[in-house]
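This report describes selected features of one protein model.

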Amino acid sequence: MIIISDKAYNINMKDFNEAVAFHGHTCGGLAMGYKACELAIEKLGLSFSEDEEVVCITETDSCTVDAIQVVLGCTAGKGNLFINNWGKNAFSFYRRDNDTSIRLVANPEFMNVNPEMAELRPKVFSGAATQEEIDRFHTLSHMWIDEILNMPAEKMYLVKEATEPLPGHARIYNNVTCSVCGEQVAEGLAPVIDGKHVCIPCLRK
Ligand SMILES: [Zn+2]
Ligand SMILES: [Zn+2]
């Protein structure tokens, strides 16, 4: 159990272990995502988004995103998570109810990973590492994760203004039948060609 803060806004924040259970493993990226949530909760007064009250736009598709899904309820299926694969540890959060938003960007000064880890990582992930090196890498990783989780989130992220416009609400369509394959398809995603609906995969053929 990690004591993050004694402030009221963190009382209902999901435990890091719940994010680990969803993600499948513990890692520095997941911890980074967890801390982004912590800071967003603090700055915007967010709570878990059961529907689309909270929206997140990420600029990475890394492990970080899974923590956001678990902790804030911005999920792939609800239309309140938008993933841009731009390779940046940056996350914009929006509250629909009061139109407030924030963009958190990983602080470059914080991102200087332990040089020993940086050296071991390519070896470990290419399968070229010895068992001793693998064990060392795991030990260092766990130390790094603990360090992240116990560090004030303000040190890890620069707080900026969100620049991307808040996306609209998720659209919900009725189904129609594709005139080519005969499968059901959401009406808004099946353009009408010669008076008949055609699904996107059939259009591509
Ligand atoms: Zn991971
Ligand atoms: Zn079709």
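On one side of helix H4, Pro115, Glu119 and Ser126 are exposed, where exposed means over 50% relative accessible area, buried under 20% and partly exposed in between, with a 1.4 Å probe and protein chains only. Helices (H or I, at least four residues) and strands (E, at least two) are DSSP runs, numbered from the N terminus. This is a predicted model, in which local features need pLDDT of at least 70 and side-chain atom pairs count only at pLDDT 80 or more, whereas totals for chains, interfaces and linings use all residues. Residues are numbered from 1 along each chain as its sequence is written, chains are lettered from A and ligands numbered from 1 in the order in which they are written, and side-chain values use heavy atoms, with hydrogens and water left out.

The buried residues of H4 (residues 115-126) are Met117, Leu120 and Val124. They cover an arc of only 75 degrees around the axis, which puts them on the same side of H4; the arc is that of the directions from the helix axis to the C-beta atoms. An α-helix has 3.6 residues a turn, so residues three or four places apart point the same way. The buried residues of H4 pack against helix H5 (131-150), contact being defined as heavy atoms within 4.5 Å. Just after H4, Gly127 has a positive phi of about 85 degrees.

| Zinc ion | Donors | Distance |
|---|---|---|
| Ligand 1 | His23 (NE2), His25 (NE2), Cys27 (SG), Cys63 (SG) | 2.0 to 2.4 Å |
| Ligand 2 | Cys178 (SG), Cys181 (SG), Cys199 (SG), Cys202 (SG) | 2.3 Å |

The donors of the zinc ion (ligand 1) follow the spacing H-x1-H-x1-C-x35-C along the chain. His23 lies in helix H1 (residues 16-23) and Cys63 in the loop between strand S1 (54-58) and helix H3 (64-72), so this pair ties together parts that are 40 residues apart in sequence. His23 counts as buried at 16% relative accessibility, and Cys63 as partly exposed at 27%.

Cys178, in the loop between strands S6 (175-177) and S7 (184-186), and Cys199, in the loop between strand S9 (196-197) and helix H7 (200-204), tie together parts that are 21 residues apart in sequence. Both Cys178 and Cys199 are buried.

Notes. Donors are N, O and S atoms within 2.8 Å of the metal (3.2 Å for Na, K and Ca); water is not among the atoms, so sites may look incomplete.
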